[in-house]
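Welcome! Please take a look at the model below, and then let us walk through it together.

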Amino acid sequence: MPVSLVIRFPVDDRELSALHAEAFGADPSIVRPWSERLERHALTWVGAFDDGRLAGFVQVCWDGGSHAFLLDTAVSPGLQRQGVGARLVAAAVAEARAAGCEWLHVDGCVFGSGGWPGLASMAHRRIW
C-alpha cells in the first residue's frame with residue numbers, strides 16, 4: 001500500500017513525538033504538546049501515513065500574511081530516501097500557496113549527514 005498524505009490530520013501527541021524521536025534520534029519518552037501548538041500557530045500540517053501509521057510530518061507556520069515557514073519536517077528512517085519527504089514538502093508548499101502566502105522560508109536544512117541539499121535553494125523562496 002502506498003504512503004498517503006493527509007492535510008491537517010487529527011494529531012496524536014504521543015504518535016508525533018515518537019516519529020520525531022525516531023527521525024532525529026531524540027528521547028522517545030518525551031511527549032510534546034503538538035496538537036495544541038499546531039492549532040495555535042500553524043497554517044497547516046501534513047502527515048504521511050504508511051498502512052495507517054504516521055511515518056512523516058511537516059508543518060507550515062505563518063505570519064498571517066505573505067510569509068510562511070516550513071518546520072519540523074520528519075520522515076521515519078525506514079521510509080527515508082523514497083520521496084516521502086519531497087511529497088510532504090510539495091503538499092505543504094501547495095497549502096501555503098493556496099492560503100495566499102508569497103514566500104516560504106525553510107527551517108532545519110541538514111547537510112553533511114545525507115540531508116536534503118535541494119532544500120538549500122528554498123531557504124527563502126517566492127512560491128508564486
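Glu-22 and Arg-53 join their side chains in a salt bridge, with 3.9 Å from N to O. The term salt bridge stands for a side-chain nitrogen of Lys or Arg within 4 Å of a carboxyl oxygen of Asp or Glu. Glu-22 belongs to helix 1 and Arg-53 to strand 3 (residues 53–62), so this pair ties together parts that are 31 residues apart in sequence. Helices (H or I, at least four residues) and strands (E, at least two) are DSSP runs, numbered from the N terminus. Glu-22 is partly exposed, at a relative accessible area of 40%, and Arg-53 is partly exposed too, at 37%. Here buried means under 20% relative accessible area, exposed means over 50%, and partly exposed is in between (1.4 Å probe, protein chains only).

Before we go on, a word on the model: it is predicted, so local features need pLDDT of at least 70 and side-chain atom pairs count only at pLDDT 80 or more, while totals for chains, interfaces and linings use all residues. Residues are numbered from 1 along each chain as its sequence is written, and side-chain values use heavy atoms, with hydrogens and water left out.

How many salt bridges are there by this rule? The count is three. Another of them links the side chains of Arg-8 and Glu-39, at 3.8 Å from N to O. Arg-8 sits in the loop between strand 1 (4–7) and helix 1 (13–24), and Glu-39 sits in helix 2 (residues 34–41), so this pair also ties together parts that are 31 residues apart in sequence. Arg-8 is partly exposed, with 38% relative accessibility, whereas Glu-39 is exposed, with 53%. There is also a salt bridge between Glu-36 and Arg-40, whose closest N and O atoms are 2.4 Å apart. Both of these residues lie in helix 2, four residues apart, which is about one turn of the helix. Glu-36 counts as partly exposed at 48% relative accessibility, and Arg-40 as exposed at 54%.

Now step back to the whole chain. The protein chain holds three helices and six strands, and from the N terminus on its elements run β-α-α-β-β-β-α-β-β. Of its 128 residues, 39% count as buried. Take the contacts (heavy atoms within 4.5 Å) between residues at least 6 apart in sequence: 56% of them join residues at least 24 apart.

How do two of the helices meet? Two packed helices are described by the angle between their axes and the distance between the axes. Helix 1 and helix 2 pack at about 95°, and their axes are 8 Å apart. The axes are lines fitted to C-alpha atoms, for helices over the stretch in contact, and angles run from 0 to 180 degrees between N-to-C directions. That makes helix 1 roughly perpendicular to helix 2, a label used for angles of 65 to 115 degrees. On the helix 1 side, Asp-13, Leu-16, Ser-17 and His-20 take part, and they meet Trp-34, Ser-35 and Leu-38 of helix 2. These contact residues divide into three nonpolar, three polar and one charged. In this scheme Ala, Val, Leu, Ile, Met, Phe, Trp, Tyr, Cys and Pro count as nonpolar, Asp, Glu, Lys and Arg as charged, and the others, Gly among them, as polar.

Leaving out residues up to four places away in sequence, Ser-17 touches Ile-30, Val-31, Arg-32 and Trp-34.

Next comes the interior. In soluble globular proteins, nonpolar side chains tend to be buried together. A nonpolar core is a set of buried Ala, Val, Leu, Ile, Met, Phe, Trp, Tyr and Cys residues joined through side-chain atoms within 4.5 Å. The largest one has 21 residues, of which Val-60, Leu-70, Val-84 and Leu-88 touch the most other members. Strand 2 (42–50), strand 3, strand 4 (67–75), helix 3 (84–98) and strand 5 (103–106) each give two or more residues to this core, and helix 3 provides the largest share, seven residues. Apart from it lies another core, of 13 residues, including Val-11, Leu-16, Trp-34 and Phe-57.

Finally, look at the backbone. Most residues other than glycine have a negative phi. Asp-51, although not a glycine, has a positive phi of about 55°; Asp-51 is in the loop between strand 2 and strand 3 and is exposed, at 63%.

Technical notes:
Angles under 35 degrees count as roughly parallel, over 145 as roughly antiparallel, 65 to 115 as roughly perpendicular and the rest as oblique.
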